[in-house]
Amino acid sequence: MAHPGRRQITGFSNPTVKALRALREKKHRKASGKFLAEGLRLLTDARESGHLPEVLVMAAEHQGGLGNHPLLAALEADVLAAGGEVIETSPDILGKITGKDNPQAVAGVFTEFDTGLARLNLLCADIWLVAQAVRDPGNLGTMLRTGDAVGAGGLILIDDCADPFSVEAVRASMGAVFTQSIAQARWDEFLPWLRQGPGQLVAASLRDAVPYRGAAYRSPCLILVGNESRGLPEDYEAACDLRVTMPMKGRADSLNAAVAAAVLSYEVLASLGD
């Protein structure tokens, strides 16, 4: 018996399934302005942050264990009340949509956020993260998660970064994609915008750098990390207000970009007072 308010989909060839599956590809996300997020915890975080999915998809065979969950019931009720759509389908079809063999019980479709610099207010937070040409969506998601943990204002993506709305980045963010502001810009747009107001740009660097512990951080502090393999361009580092380095005791000559951002974020948090 069909559940009131839900539309049932049972076929892999259904046009809606094809459209939702296409959101795993960047070109289709950009064309539609939509992105996918999966998992009850993540969708609940989105709801509590003021973001409801336009489409909620749930796997019917999970209903015995999850169908009576109060968080799912609240989510479904809010989606329907807001005029959204609720789709009930099979775990196999949901797996096809999300690209996972063992999918979560629910997934949602959201409208991509405005990522313009103009919407940001740097004074609303002491810490901001800035990623330049970071290509791994897992790193971007982890940086969003770190930003949420330290109370950062958001993540600014410079030049050609991975898509923060990819399934992989959203999954790695553990819901922080909904709590952190996200902006995208080229360097020659970002730097003049930053210099119009307050904001200390701090680079993780090896060039003319001071130890990251006890450095003279000030709010709002923008922590800049570069590409996973190339690091930051030299002229980008030269434009920063402060360059800091972290000790490397082993054979590795650098930290993972997201790890470096996390280490610096907690040092800045401690320095500015939490």
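**Reading the fold**

Mentor: The protein has eleven helices and twelve strands; helices (H or I, at least four residues) and strands (E, at least two) are DSSP runs, numbered from the N terminus. This is a predicted model, in which local features need pLDDT of at least 70, side-chain atom pairs count only at pLDDT 80 or more, and totals for chains, interfaces and linings use all residues. Residues are numbered from 1 along each chain as its sequence is written, and side-chain values use heavy atoms, with hydrogens and water left out.

Trainee: Which strands are joined to β4 by bridges?

Mentor: Two strands pair if DSSP finds at least two bridges between them. Strand β1 (residues 6-8) runs parallel to β4 and is joined to it by three bridges, with R7 opposite I87. Strand β3 (residues 55-59) also runs parallel to β4, through five bridges, and there M58 stands opposite E88.

Trainee: Is strand β4 mostly covered or uncovered?

Mentor: A residue is buried under 20% relative accessible area, exposed over 50% and partly exposed in between (1.4 Å probe, protein chains only). In β4 (residues 85-89), four of the five residues are buried. Across the 274 residues of the protein, 49% count as buried.

Trainee: What does the radius of gyration say about the protein?

Mentor: The radius is taken over C-alpha atoms, and the globule rule is 2.2 Å times the number of residues to the power 0.38. For 274 residues a compact globule would have a value near 19 Å, so the 21 Å of the protein agrees.
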